[in-house]
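Here is a walk through one protein model, from the overall fold to a metal site. Keep the coordinates open as you read.

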Amino acid sequence: MPTLIKNGRVITATDDYVADIFIEGEKVVAIGKNLSQQADTIIDAKGLLVMPGGIDPHVHLDMPFMGTFSSDNYETGTRAALFGGTTMVIDFILQTQGKSLGSALEEWKGRSDNNAVGDYSFHMAVTDFNDETKKEIQTMIEQEGITSFKTFMAYKGALMIDDRQMVGLMEEVKKHGGLINVHATNGDMIDYLIAKYKSEGKLAPLYHYLSQPEVTEAEASERFVDMSNYTGCPGYIVHLTCEGALNAVRNATRRNQKVFVETCIQYLLLDASLYEKNFEGAKWVMSPPLREKKDQETLWAGINQGLVNVVATDHCPFKWEQKLMGKDDFSKIPNGHPAIENRMELLFSEGVSKGKITLNKYVEVACTNPAKIFGMFPKKGTIAVGSDADIILFDPNEKHTISVNSHHMNVDYSAYEGWELTGKVKTVLLRGKIAIDNNKCLVEKGYGQFVKRNKVEGKI
Ligand code: URP
Ligand code: ZN
Ligand code: ZN
């Protein structure tokens with residue numbers, strides 16, 4: 001079923017030109033002017049941007065967390081992602097302390113196999129690094145294609161590991177060509193502050209924010225960067241939010257160290273004043289919390305300076321009744337917010353349309369860098385001959401409004417309700433098939449494939 005996309009403005013991380021794209025099977029097979037190959041489907045893309053499908057490397061689907069499960073499963077989450085122009089996500093497997101990485105992988109396969117609409121891969125979160133876990137690292141990388149290992153320096157008593165485990169894990173992961181992702185905040189300090197506020201009867205969502213001041217993130221980021229430098233293991237800081245943490249990375253560049261940095265769309269666009277809305281603030285209870293306007297400026301600048309490499313979502317949705325678990329105690333509000341469907345359009349509207357980043361930078365941080373950093377380039381993350389035909393057609397001028405009434409995520413509120421955006425995803429192709437068109441999903445659950453990833457080179 002060959003497809004020909006005609007006359008679109010093709011944008012990659014480095015290029016910007018008008019051309020036709022010819023797709024056969026799952027791959028792009030030709031790009032050029034006035035292509036004349038026979039096609040079953042011809043799409044007129046005149047006036048539209050033609051960009052690689054988005055890759056969101058930080059999502060939590062159907063994840064057991066804080067006494068409940070995130071409300072999007074593989075079907076609803078990856079379908080919503082497709083509607084928003086994200087053709088692939090990387091989800092997190094969580095090892096159960098005392099159990100193996102292999103058993104966690106089986107558990108996650110049980111939830112994801114044959115259920116995804118869009119493509120996906122896994123990071124493996126190591127919550128218990130010991131002699132047995134150590135033996136599984138090579139298998140994960142070489143047999144399962146899971147080449148990135150998540151660590152939590154926070155969530156004390158649940159997911160957190162100590163520095164001894166961190167350094168041991170780093171040495172093993174480096175040996176086999178993988179990468180460490182980190183949630184870098186100081187878990188002991190946060191644990192102390194949570195207990196302090198609770199003992200004082202300070203229980204509103206605002207105290208979630210106050211329990212995780214900037215210093216908790218700056219300190220842990222610096223510690224992580226130092227351990228990564230010492231071991232030589234490639235490191236990737238997830239959901240970095242603030243100036244202090246980014247400065248830790250900036251300082252590391254002075255000794256010629258490269259640490260990958262991800263921020264998330266919410267930290268670029270929302271700020272901590274939302275926690276002043278009493279319990280409604282629970283919609284934005286996430287870790288780390290939203291920060292200040294000055295941090296937003298630092299993050300936008302960090303993108304343009306090449307210090308912030310990726311804009312993800314940390315999509316971890318909970319319905320309002322789940323958020324109500326913490327009505328009388330902020331520490332029981334499930335952490336996370338919904339954004340998987342909104343990232344590409346929000347970043348375009350608030351970033352490209354408002355002149356903060358270029359179109360090439362947009363593709364770089366939303367599509368190409370995630371593919372490069374996590375060992376999938378050039379299969380994913382670009383438009384090139386031989387790459388998967390994961391392509392979005394985007395109208396840069398269409399205006400629309402975000403609302404719970406029109407989104408496809410399985411959550412009963414929108415964290416961006418009423419936001420008026422410029423720029424809309426019109427058509428999405430996933431491995432050559434039209435997946436989204438005219439606001440309809442044309443592929444079924446089970447179409448989404450698990451993507452095995454290559455070893456990580458530690459550079460982009
Ligand atoms: O609040 C968040 N971020 N929830 C998901 C778990 C995590 O820390 O990424
Ligand atoms: Zn986290
Ligand atoms: Zn997360």
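Of the chain's 460 residues, 62% count as buried. The model is a predicted one. Its radius of gyration is 21 Å, and this agrees with the value near 23 Å that a compact globule of 460 residues would have. The C-alpha trace spans about 70 × 50 × 45 Å along its principal axes.

Now the secondary structure. The chain holds 13 helices and 19 strands. Eight of the strands form an open sheet with parallel pairing, in the order β6-β9-β10-β11-β12-β13-β14-β15. Strands β6 and β15 stand at the edges. Each has a single partner strand, so one side of each lacks a neighbour in the sheet. From one strand to the next, the twist averages 30°.

Look inside the sheet next. Strand β11 (residues 148-152) pairs with strand β12 (residues 179-183) in the parallel sense, over five bridges. Phenylalanine 149 has isoleucine 180 in β12 as its bridge partner. Helix α7 (residues 214-231) packs on the sheet and touches β12 and β13 (235-237). The direction of α7 makes about 170° with that of β13. Helix α2 (residues 101-112) lies across β9 (86-94) and β10 (119-125). It runs at about 140° to β9.

Then turn to the metal. Which residues are the protein donors of the zinc ion (ligand 3)? They are His58 (NE2), His60 (NE2) and Asp314 (OD), lying 1.9 to 2.1 Å from the ion. Why is the arrangement tetrahedral? The four donor atoms around the zinc ion (ligand 3) subtend angles of 86 to 133°. To count as tetrahedral, all angles must lie between 85 and 135 degrees, so this set qualifies. For reference, the ideal angle for four tetrahedral donors is 109.5 degrees. The zinc ion (ligand 2) is 3.9 Å from the zinc ion (ligand 3).

In sequence, the donor residues of ligand 3 are spaced H-x1-H-x253-D. Histidine 58 sits in strand β6 (residues 54-59), while aspartate 314 sits in the loop between β15 (310-312) and α11 (320-323). The pair therefore ties together parts that are 256 residues apart in sequence.

Key
Residues are numbered from 1 along each chain as its sequence is written. Chains are lettered from A and ligands numbered from 1 in the order in which they are written. This is a predicted model: local features need pLDDT of at least 70, side-chain atom pairs count only at pLDDT 80 or more; totals for chains, interfaces and linings use all residues. Side-chain values use heavy atoms; hydrogens and water are left out. Donors are N, O and S atoms within 2.8 Å of the metal (3.2 Å for Na, K and Ca); water is not among the atoms, so sites may look incomplete. Four donors count as tetrahedral if all angles lie between 85 and 135 degrees; four count as square planar and six as octahedral if opposite donors are over 155 degrees apart and all others between 65 and 115; anything else is irregular. Helices (H or I, at least four residues) and strands (E, at least two) are DSSP runs, numbered from the N terminus. Two strands pair if DSSP finds at least two bridges between them. Axes are lines fitted to C-alpha atoms, for helices over the stretch in contact, and angles run from 0 to 180 degrees between N-to-C directions. Contact means heavy atoms within 4.5 Å. The radius of gyration is taken over C-alpha atoms; the globule rule is 2.2 Å times the number of residues to the power 0.38. Buried means under 20% relative accessible area, exposed over 50%, partly exposed in between (1.4 Å probe, protein chains only).
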